[in-house]
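My notebook is open and I am ready to look a few things up.

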Amino acid sequence: MGIAIIVLLILGGVAAWVCKNDKTARLIALAVTAVDAVLAVVMTMNVASNGEQVMRFGSGFIEQSIRIGKIECFMACIFGIIGFLIVWASMSMISHDVEERLIPFYYFLVLALLGTLNAVVFFESMIGIFVSIELSSFAAAGIVIVKNQTENVHAGLKYLSLSILGSSLVLMGMVLLYVATGSLMISGIGEVVQSGGFMGSNSSYVVWAMSLITGGVAFKAALFPCHIWLPDAHGTAPSPSSATLSALVLKAYIVFYMKMMFRGVGFEVIASSGIRTLLNVVMVVGVVAMICGSLLAIMQTDIKRMIAYSSVAQMGYIFMGIGIGTEFGLFAALFHILAHAVTKSGLFLVAGSIIEQTHNRDLTKMGGLGKLMPITMALFTIGGLSMIGIPLFVGFNSKWNFATGIVDSANYWLLIPLSISALLNALYYLPVVIRAFFGQEAKEMKEPFASKERPVKDLLPIILLAVGVIIFGVAAGPVSDFLHSGIELLTSIGH
Amino acid sequence: MNNLFNNYYELAAVILFVVGLLILLLQRNLIKKIIGLNIMDTSVFLFLAAKGYIAGRFSPIIRDGVTDASLYINPLPSGLVLTGIVVAVSTTAFALALALRWYQQYHTLDVDAAVLKNALKKGEQ
């Protein structure tokens with residue numbers, strides 16, 4: 001089933017590209033992502049009732065293994081369903097940003113990106129993971145550059161070179177692990193590393209390898225000091241691309257890192273070796289990212305750059321959860337992947353709608369916008385409140401999980417940055433909302449505000465995302481249970 | 001110290017990696033940046049190849065029907081190098097294509113000059 005999803009997305013992308021007609025390309029993309037979402041849900045139900053699916057093919061060097069447990073299904077559902085909603089929203093938005101002749105190519109890149117992201121999550125063999133990571137960064141740089149403006153080329157080059165730097169570091173780390181353990185499978189590495197006595201003599205190998213992989217993932221997933229490409233790339237890309245990039249692309253690398261850390265090295269070895277120090281560093285850097293990302297976001301006047309810096313802060317939360325290094329911390333990080341994906345894709349699509357209708361990206365000139373675009377601004381409000389962590393929205397559950405994770409691991413000082421960061425989130429989302437609904441200053445300015453609401457049928461996917469924010473905020477129980485049982489599979493070497 | 005000299009391949013790889021990284025980050029010319037990227041990739045391949053080599057053994061091609069694995073070097077890192085080279089070539093092509101687009105838009109390959117031009121253009125508007 002996993003293979004079917006990857007192949008379907010990539011072949012669908014090729015079909016969209018070959019058809020050369022932008023209307024057909026859109027329909028193909030919509031149909032393919034819809035089928036992908038259905039397949040992902042079916043696969044999840046299958047795995048939930050029958051247990052893990054493992055597939056091996058080839059032998060020796062080319063031996064590849066795909067192992068799909070519950071967390072992989074969870075990610076496949078996020079990629080499938082949110083990817084479908086973003087593609088649906090892009091139907092009416094994309095022609096605003098991308099030339100007509102490039103639209104088939106754009107949908108090829110989007111579908112190929114979704115396919116390779118699924119591959120990054122599904123593969124268990126290093127070669128498969130490395131190749132998928134590289135392909136996904138090409139496609140991700142592609143959907144930034146496709147807008148064909150000077151800033152995009154600039155942002156794309158920056159993104160590409162830093163991505164390559166990240167994957168070089170990851171490759172070096174993989175090789176060190178291979179040399180130390182003799183295995184190219186994550187669970188094979190786990191068997192060797194977690195067997196008694198190995199860490200005694202080879203500890204420095206594993207610590208170095210994991211440090212290199214951490215450095216690489218920090219670049220790929222925009223952990224704070226390595227985030228410099230993110231605001232440019234996410235801020236200048238076409239809005240549906242920004243939504244895909246920040247909701248889905250960053251998350252695939254995080255899941256790879258979680259698997260390396262918690263399946264390859266394992267909780268017990270982490271607690272008793274130098275890896276604990278490495279994770280402490282990750283935790284502290286994550287905290288710094290939470291605070292600094294928000295501070296940088298407050299300083300922005302461009303709406304998309306503000307949301308992009310907010311992503312930097314949210315990635316800080318996820319890395320902090322990984323850095324806590326307990327089952328609760330891991331659970332909180334995984335839940336935040338869902339929370340951030342649902343909320344941030346909605347926010348970017350709303351920002352895209354605002355820019356499309358008003359041709360204005362400047363936050364200070366958005367006063368009174370709530371009266372002209374009530375539904376759009378209501379959706380922005382839902383997203384903003386969720387990011388701040390108001391109860392009834394998914395962001396609150398996520399923050400609650402982090403707080404329980406922190407208390408569980410007895411790192412009580414982390415509660416202080418967690419609450420400061422929530423406050424800082426409020427400092428940059430609420431002024432936009434307040435100015436939009438209660439501000440008057442823009443009433444006199446005719447030109448950029450001579451605009452109206454977009455038709456509801458175009459806004460429907462964003463409304464569905466907002467409904468998702470509220471559903472997961474009110475009833476997170478089933479997802480939490482699923483994730484808790486998934487973590488057992490994620491961390492077990494098995495098979 | 002002795003360890004460093006015994007593992008001089010790895011040492012060279014790390015030095016090359018840092019050289020490439022510094023070129024990538026500090027040079028202002030785009031083509032030089034791409035060359036830095038290539039040096040960085042190459043250092044990873046040197047590292048890989050060095051890790052796969054075992055002194056005194058043959059390349060992993062069966063000779064005279066001898067299939068005893070202890071006579072041959074480990075082929076897996078070499079295979080990884082091949083994969084890596086393919087990826088590096090496509091990266092370079094992608095980056096060069098972007099540099100070309102960059103040049104068409106800014107008429108310069110210097111990053112700072114291009115950013116300056118962009119800022120001036122925005123100022124004029």
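Predicted model: local features only at pLDDT ≥ 70, side-chain atom pairs only at ≥ 80, totals over all residues.

Residues are numbered from 1 along each chain as its sequence is written, while chains are lettered from A and ligands numbered from 1 in the order in which they are written.

**Chain B, overall**

I looked up the secondary structure of chain B and got 5 helices and 0 strands, in the order α-α-α-α-α along the sequence. Helices here are DSSP runs (H or I, at least four residues), strands are runs of E (at least two), and both are numbered from the N terminus.

How does the radius of gyration of chain B sit beside that of a compact globule of 125 residues? Chain B has 21 Å, whereas the globule would be near 14 Å. The radius is taken over C-alpha atoms, and the globule rule is 2.2 Å times the number of residues to the power 0.38. The C-alpha trace of chain B spans about 75 × 35 × 15 Å along its principal axes.

I also checked burial: 26% of the 125 residues in chain B are buried. Buried means 20 or more other C-beta atoms within 10 Å of a residue's own, exposed means 12 or fewer, and partly exposed lies in between, with C-beta atoms placed from the backbone.

**Where B meets A**

The contact takes 26 residues from chain B and 20 residues from chain A. On the chain B side, helices H2 (8–26), H3 (30–52) and H4 (75–106) each give two or more residues. H4(B) gives the most, with 15 residues.

**Helix H10 of chain A**

Next I followed H10(A), residues 239–265, which has 27 residues and reaches 38 Å from its first C-alpha to its last, close to the 39 Å expected. That expected span is 1.5 Å times one less than the number of residues. I found that 27 of the 27 residues of H10(A) are buried. Gly266(A) follows H10(A) and has a positive phi, near 90 degrees.

**One loop residue**

Is Asn148(A) buried or partly exposed? Asn148(A) is partly exposed because it has 13 other C-beta atoms within 10 Å. I located Asn148(A) in the loop between H5 (126–145) and H6 (150–181) of chain A.

Note on methods
Contact = placed C-beta atoms within 7 Å.
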